[in-house]
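Let's take a walk through a protein model together.

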Protein chains: 2
Amino acid sequence: MDTSPDSCLDTRTDPGVLRETAREPSQALDPKSPVARFGADAPLPMDSGVMLAPFQIAYQTAGRLNADRSNAVLICHALTGDQHFAHTHPVTGKPGWWETLVGPGKPVDTDRFFVVCSNVIGSCMGSTGPASLNPETGRPYGLDFPLVTIRDMVRAQAMLLDHLGIGDLFLCIGGSMGGMQVLQWAALYPERVFAAMPIATGARHSAQNIAFHEVGRQAIMADPAWADGRYLEAGTRPAKGLGVARMGAHITYLSEAALHRKFGRRFQAGSAPTFSFNADFQIESYLRHQGLSFVERFDANAYLYLTRAMDYFDLAEDHGGVLANAFRGTKTRFCAMSFTSDWLFPTADSRAIVHALNAASAPVAFVEVESDKGHDAFLLDEPAMFSAAKGFIDAAARARGL
Amino acid sequence: MDTSPDSCLDTRTDPGVLRETAREPSQALDPKSPVARFGADAPLPMDSGVMLAPFQIAYQTAGRLNADRSNAVLICHALTGDQHFAHTHPVTGKPGWWETLVGPGKPVDTDRFFVVCSNVIGSCMGSTGPASLNPETGRPYGLDFPLVTIRDMVRAQAMLLDHLGIGDLFLCIGGSMGGMQVLQWAALYPERVFAAMPIATGARHSAQNIAFHEVGRQAIMADPAWADGRYLEAGTRPAKGLGVARMGAHITYLSEAALHRKFGRRFQAGSAPTFSFNADFQIESYLRHQGLSFVERFDANAYLYLTRAMDYFDLAEDHGGVLANAFRGTKTRFCAMSFTSDWLFPTADSRAIVHALNAASAPVAFVEVESDKGHDAFLLDEPAMFSAAKGFIDAAARARGL
């Protein structure tokens, strides 16, 4: 296992990642994150049966690990998120995606906790995924990369924590696909999770959500530039297909109310329709921008793989069809959170989680936050979310003696 | 104005349509409908300022017009519908799309009423649209066809009724985009509409609905086979783009509950994931089928035009920003109908219509049908919809002396 440093443990940079940059466009997107590299002696056992080796996990941290290593927090990112939760993004230049919730004095207080966030396996910001080189062929994996599951992501994160010398987590927290990982952590490694916050998520992906993902995948695969997944070698990029996929998905992250408030039926310039297929309406222009900017920072095949991982997620199915079985005997304390206007992972999905945790006699709090911002509310400025998170985390910290 | 016959008035066929067949693939889809042809002396005045001529409207009828021509019903079809409301579809071989509601002894009783349904201007089942030949160039219009609005559709329908010798309508009825036409009829020609039933519709298209349409349009225009709208001349067809557009739209026609009931998370074959991008889930296979079959019966440019017409629709905006102004002084009696699980045109949209009608002192009934079938419920077997429609229509017929 070849390892690279974490900021609080070591400051050596890993030139291996930088070298690969020129040959792996998507991994070139992030030359800055430290990576943990795992070799043939430490393969990742995947649900598909594949033993993946070598592989690497890129990550970021904030705060300092305390002496008894009891203050570690793992943040799990969503579908198109990455490890830059509290650092300026190397591609977009934007602030970290969860600086609203995480930082000095914030609910996830980096003055008190050591916070880790890793790019999930199968993604494209430095962790091994379909854009990585397949050592057997010397070419990018493309669709030869094995299908990834939420459990595979969690197994890889556990290996990263082992590598960082972190036994158990004080807190595991994440929204959307990140929330799926939180649930999977609690089910797979209950003894390693003191407290868990699954936010705006579900214990299984619904038929409607699978349907939306399938439309996005078909949009990508319909793009001739996708080249059966071999676009990196072909020197092309399925930008249009990926853009369309992102546009469609983006609608599901918002809400009718938020779209009405932000855009309504307002026209772009002036107040009259142009009687053309130009982006007359502000909402059209906004969506096109979302599609275009996404293409700059994300790999199309990674999008296929991660949407598939979410589709496959069904924690009850993995436990004899009874969700409570996933949590029996757990000592983890939970706080589930949903948002009233989230129709991608509606409150009913969180309720199902809470019911199962109650049935498993697990300590669980449930917060439904009133918000008109839709699914993406968990990434936004939602004071009710912050205060509930702070209350839960502070109480857990006291119970943990932090 | 060159005209072709209606089944109840004449049985001559119009060879003009058949001749165009070989050169206009999409119009070749329907060689069976009678058409009304309008020449240079009877152009269609369009909202874009264009005076369209020549143009033709394809239509179908059922029942017989009575002696005093007081029993005419106009059915307005939805986005991807057509005039085959009660006849076997010439392309798909399926029953008429509204045989559930219209026919002998049905709420819209063809033993009592003379029912007309025409393909909207801009569509592709025999009425003039972007796939038609532009007489100025001898080539298909493509994007040179003028943008179409809901009001343009209604004006063309009024010209068709004039041509058929129908002064006023006993009933104007339609769902979704058809409901928009019903509202536009009542606003534009109040003296010609005795009773109106706008179903599962809105007086304006919401930001979210515009957003979904824009994704579909971008999917079509991203397809290289679309060829900037000149695919008919190029001998190509943007089948993938149009298929993706249809897949995405189709999700919005259903509901989470209906998808869960019909498909849930069931796998296609056996009960295990294949760890691939095959259509593992039944919902994926179903959606792909929807995309493929749609491409067989619809023209991609027509889809662009008709989605745009819906986006532009804002009846209040056309009347000083006050929806009630669209209906002031009307003598039309209304019955608005919505479905509880319709999230494309939710009950709130129908309520806004009803509030405006009340403010305009118009007689209006409002029925919210309990259904888990989503937007498409208006096309399906919904006994509560049938009984409410029958009650409203029978009462209107009595008031009309029918």
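**A walk from the cavity to the pocket**

The lining of the largest cavity is made up of 6 nonpolar, 2 polar and 4 charged residues. Here Ala, Val, Leu, Ile, Met, Phe, Trp, Tyr, Cys and Pro count as nonpolar, Asp, Glu, Lys and Arg as charged, and the others, Gly among them, as polar. Before going on, please note that this is a predicted model, in which local features need pLDDT of at least 70 and side-chain atom pairs count only at pLDDT 80 or more, while totals for chains, interfaces and linings use all residues. Residues are numbered from 1 along each chain as its sequence is written, chains are lettered from A and ligands numbered from 1 in the order in which they are written, and side-chain values use heavy atoms, with hydrogens and water left out.

What is a cavity? On a 1 Å grid over the protein atoms alone, it is a set of points where a 1.4 Å probe fits but cannot get out, whereas a pocket is an open set with protein on both sides within 12 Å along at least five of seven lines; lining residues have an atom within 4 Å of a point. The whole structure holds 3 cavities of 30 Å³ or more, and the largest has about 100 Å³ of space. Its lining includes A:Asp223 and A:Lys240 as well as B:Asp223 and B:Lys240. Helices H4 (207-222) and H6 (239-253) of chain A, together with H4 and H6 of chain B, each give two or more residues to this lining.

Now for the meeting of the two chains. Chain B and chain A each bring 53 residues to the contact (heavy atoms within 4.5 Å). About 4600 Å² is buried between them, 70% of it from carbon and sulfur atoms; buried area is the accessible area (1.4 Å probe) that two parts lose on being put together, summed over both. On the chain B side, B:Arg265, B:Phe275 and B:Phe277 lose the most area to chain A, together 19% of what that side buries. The interface also has 10 salt bridges (a side-chain nitrogen of Lys or Arg within 4 Å of a carboxyl oxygen of Asp or Glu). A salt bridge also joins the side chains of A:Asp280 and B:Arg308, at 3.7 Å from N to O.

Our last stop is the second largest pocket, with a volume of about 1200 Å³. Of its 45 lining residues, those closest to the centre include B:Arg246 and B:Asp376.

How values were computed. Points joined across faces, edges and corners; volume = space filled by probe spheres on them. Helix = DSSP H or I, 4+ residues; strand = E, 2+ residues; numbered from the N terminus.
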